[in-house]
Structure formats: C-alpha cells, structure tokens
Amino acid sequence: MNRLLDQIDKNKLPQHLAIIMDGNGRWAKAKGLFRSMGHESGTKAVREITEACAEINIPYLTLYAFSTENWNRPKLEVELLMRLLVSSLKKEIKTLNKNNIKLNAIGNLEALPKKAHKELLDVIDKTKGNTRMTLTLALSYGAREEIIKTVKEISDKVKKGLISPQNIDEVIITSHLYTRDLPDVDLLIRTSGEQRISNFLLWQIAYAELYFTDILWPDYTKKDLFEAILNYQNRERRFGKTSEQIN
Ligand code: IPE
Ligand code: IPE
Ligand code: MG
C-alpha cells in the first residue's frame, strides 16, 4: 500500500475526481443480505475514499449518491437511502470538520425529503469555512435536468436583455451549472463493472479520463483508488493535440 502511495506523482494528481459508486445491491445480494445492507456498507467506503483523497491532497471529490432516475426505485429503498443520508450526515460532520473538508451538493436538492434537505444545508453551512478539500455529493442529480435548468436560466437572461445570444459560450454555460464552482472532471471512476455514465456530469466529463473497475462499491478501498490514480497518471491527455505537441 505504501509502495503504491510512493509511486503516485503528487504533481500529477487529478484535481477533480468523480466517482459513480455502484454495486451496493449486488454486494448485498451476493452475501444473502438485504439491499439496504449494501447501501449501509457503501457508506464505509465513502468514508475511506474521502479520507484517502484528503490524504493525498485531491482538492475536489464528487460522489454520485442518488440520481434523478433513482427516484423510480421501490419506495422503501428510496426512503431507506434518504434516512441513511440523514444519519450519515449527522455522523460525519465532526470528521469533516476535523479533516478540514467542505461539503457541497449538486442536484435538484429541493426534491429531497425536507429532513434530508435541511440536514444537508446544515452540514454545508457548518463546513463552509473548510479549505483542504471540497466533497460534493450528487443528490437527486441528473445531467439532463442540470442542462435543462441551465438553458431555462440563460433563456430568461436573454429575454431580460442581460445576455445576448451571440455571446453564449462555454464560460456562460459552465457558470450556470450546479458545478459552477468546480473545475472540469479529470478522472471518472465507476465501480461494479457497468460501463456507462448513467446521466452523471455530461458536460463536465467532456475530457475526463474514464476508469471502470469490477469491484463493487462496498468493497472499494484506498488501495483500489491509488491503483486507479496510478493508471490515470500513465495516460497521455492530449486534448485534441498530437503526442509530439504535448511532449
Ligand atoms: C449504487 O448501488 C447506489 C445507488 C444507486 C443509490 P446500487 O444500488 O445501484 O447497486 P446495484 O447496481 O443494484 O448492485
Ligand atoms: C448510478 O447508478 C447512480 C448512482 C450511483 C447514484 P445506478 O445503479 O442507478 O445506474 P444504472 O441505472 O444501473 O445505470
Ligand atoms: Mg446500480
């Protein structure tokens, strides 16, 4: 493990790491447990991975915790996930402050149950002064919903004469997204073997490196994360240029 850590180039870390935490249900099923146990176990991986990112100084970590499509799951599972969110927030606030981590959230947060929404805003407020890392939870998040919201807001400003249509550019669009305060994603990891994006950060991953692993989220460890980062560091990000231009 320390050997892995030593191999990581601290000057070439992803500035923004995003993770699609998938596989909780299958993890539980394989053990003959309820899906809820998988979600509960997944929160341990959230803690381990968050701490690992803080330890190596990744400034932005974004975790896909609940999608707009996840509202279509059985009512009981949705309720359970929302309760788990509240209890995790309550439990983790101390550690977030101890580790100087700022909590942020993206998504249609008003759609969350009142209690979860309130707890979330409370932890965001109580950690807003922290500077070591920004941990963003994507909750009731869907990239298409985010784009629709952005188009509506910009249209409204055009109508009011605040923006002229010819001036709409990447900067204006970026500044209306939920992620306006975050840099583009450098590395996107998805666990559980699925190789799809599932409506996560479509605009923001335009040039992200994608990394898929078969490991189920509750089993995902610091060592697995370091392996993904090493893999990322061995890639050449060309952004449309030639290899010769980069080197
Ligand atoms: C990810 O695990 C957690 C959420 C989507 C909330 P899943 O619950 O999707 O687990 P699988 O994909 O069924 O194994
Ligand atoms: C994506 O996982 C959403 C989260 C991890 C929160 P899903 O398990 O909902 O994705 P699909 O439906 O299998 O693509
Ligand atoms: Mg899944």
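**Two ligands and a few residues worth a look**

Hi everyone, let me start at ligand 1, which has around it Met21, Asp22, Gly23, Asn24, Gly25, Arg26, Arg35, His39, Ala65, Asn70, Arg73 and Leu81. Before I go on, please keep in mind that this is a predicted model.

So, which elements build that shell? Helix 2, residues 24-30, and helix 3, residues 35-55, each give at least two residues to the shell around ligand 1. The largest share, three residues, comes from helix 2.

The side chain of Asp22 has an N or O atom 2.9 Å from an oxygen atom of ligand 1. For Arg35, again through an N or O atom of the side chain, the distance to an oxygen atom of ligand 1 is 2.9 Å. Gly25 takes part through its backbone: one of its polar backbone atoms is 2.9 Å from an oxygen atom of ligand 1. As for cover, ligand 1 on its own has 380 Å² of accessible area, and the protein covers 86% of that. And where does ligand 1 sit? The space that ligand 1 takes up is the largest pocket.

On to ligand 2. Around ligand 2 you will find Ile20, Met21, Asp22, Tyr64, Ala65, Phe66, Asn70, Arg73, Arg190, Arg196 and Ser198.

Which element gives the largest share of the shell here? For ligand 2 that is strand 2, residues 60-67, with three residues.

The side chain of Ser198 places an N or O atom 2.6 Å from an oxygen atom of ligand 2. With Asn70, the distance from a side-chain N or O atom to an oxygen atom of ligand 2 is 2.9 Å. With Arg190, also by way of the side chain, an N or O atom is 3.3 Å from an oxygen atom of ligand 2. The protein covers 78% of the 380 Å² of accessible area that ligand 2 has on its own. Its space, too, is listed as the largest pocket: that is the space taken by ligand 2.

Let me stay with Ser198 for a moment. This residue is in the loop between strand 5, residues 187-190, and strand 6, residues 209-212. Is Ser198 buried, partly exposed or exposed? Ser198 is partly exposed, because its relative accessible area is 29%. For those of you who check backbone angles, the phi of Ser198 is near 50°, a positive value in a residue that is not glycine.

Another residue with a positive phi is Phe239, at about 45°, and Phe239 is not a glycine either. You can find Phe239 in the loop between helix 8 and helix 9. With a relative accessible area of 45%, Phe239 counts as partly exposed.

That loop also holds Arg237, between helix 8, residues 222-233, and helix 9, residues 243-246. Why does Arg237 count as buried? Because its relative accessibility is 18%, and buried means under 20%. What does the Arg237 side chain do there? A polar contact of 3.0 Å links it to the side chain of Asp186, and another, of 3.2 Å, goes to the side chain of Tyr232. Leaving out residues up to four places away in sequence, Arg237 touches Val185, Asp186, Tyr207, Ala208, Glu209, Tyr232 and Ile246.

Two more stops. Ala138 is in strand 4, residues 133-141, and it is buried, with a relative accessible area of 0%. Apart from residues up to four places away in sequence, Ala138 touches Leu63, Tyr64, Ala65, Phe66, Ile106 and Phe200. From Ala138 to Leu109, C-alpha to C-alpha, it is 9.2 Å in space and 29 residues in sequence.

And finally Ser87, which belongs to helix 4, residues 75-98. Ser87 is partly exposed, at 39% relative accessibility. How far is Ser87 from Arg35 in space? The two are 17 Å apart, C-alpha to C-alpha, and 52 residues apart in sequence.

Conventions
Residues numbered from 1 in each chain as written. Chains lettered and ligands numbered in written order. Predicted model: local features only at pLDDT ≥ 70, side-chain atom pairs only at ≥ 80, totals over all residues. Heavy atoms only, no water. Helix = DSSP H or I, 4+ residues; strand = E, 2+ residues; numbered from the N terminus. Buried < 20%, exposed > 50% of the residue type's maximum accessible area, 1.4 Å probe, protein only. Polar contact = N/O pair within 3.5 Å; in protein donor to acceptor, adjacent residues only side chain to side chain. Contact = heavy atoms within 4.5 Å. Near = heavy atom within 4 Å. Areas by Shrake-Rupley, 256 points an atom, 1.4 Å probe, with all protein chains shown as cover. 1 Å grid on protein atoms, 1.4 Å probe; cavity = no way out; pocket = protein on both sides within 12 Å on 5 of 7 lines; lining within 4 Å. Sits in = over half its atoms within 2 Å of the grid points.
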